[in-house]
Amino acid sequence: MGTQEGERDWIDVANNLLRQCHTNPRVRKLTDCDADVFIALYENILGEKVPDYIAAAGSQEDDIHNVQSVIDSLSLDYLQISLSHITGENVIRGDKDSIKNLLEIFDGLLEYLKEEMIEESQNDGIAAVRNSTATEEPEQSSSSIGE
């Protein structure tokens, strides 16, 4: 796979993630994946605000801080693995490998959470069937005990 084709695949991954999160930003090139993109992905996929987020980011340093907060939270709060190979500074400075790595993490995380929701929904359905059956059984078993 050529470099341009490989980059196009990652742009598709980024836009697919953003589309699934129902967010407005769209990327045309990999380096369009800036702090706003990763903040949007974090908040939409995890349903939480980024810890230590600088809302009125007015400088590149603020953007670096915000992306690093995303990375640190993913690492410590969710994945419990080191993400030291990805830094907010490298992402904001346009390092394509760092951007791809962070996109890959969000892609895997979203897929995992979707599977968890499907499993939970299936288990809720099974539990509902069991509960409705369980409420019927005690009456039958209590009448057979008295006989």
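**Helix packing and loop residues**

Gln80 lies in the loop between α3 and α4; helices here are DSSP runs (H or I, at least four residues), numbered from the N terminus. The model is predicted, with local features needing pLDDT of at least 70 and side-chain atom pairs counting only at pLDDT 80 or more, while totals for chains, interfaces and linings use all residues. Residues are numbered from 1 along each chain as its sequence is written, and side-chain values use heavy atoms, with hydrogens and water left out.

Phi of Gln80 is near 50°, a positive value in a residue other than glycine. Gln80 is exposed, at a relative accessible area of 55% (buried, under 20%; exposed, over 50%; partly exposed, in between; 1.4 Å probe, protein chains only). Asp52 is in the loop between α2 and α3. Its phi, near 60°, is also positive in a non-glycine residue. Asp52 is exposed, with 58% relative accessibility.

Helices α2 (residues 35-46) and α3 (residues 60-79) pack at about 30°, with axes 9 Å apart. Axes are lines fitted to C-alpha atoms over the stretch in contact, and angles run from 0 to 180 degrees between N-to-C directions. The two helices are therefore roughly parallel (under 35 degrees). Contacts (heavy atoms within 4.5 Å) involve Ala35, Phe38, Ile39, Tyr42 and Leu46 of α2, and residues of α3 including Val67, Val70 and Leu74.

Gly94 occupies the loop between α4 (88-92) and α5 (96-145). Gly94 is partly exposed, at 21% relative accessible area. Leaving aside residues up to four places away in sequence, Gly94 touches Thr31 and Ile99. The C-alpha atoms of Gly94 and Cys33 are 8.3 Å apart, across 61 residues of chain.

Conventions: Angles under 35 degrees count as roughly parallel, over 145 as roughly antiparallel, 65 to 115 as roughly perpendicular and the rest as oblique.
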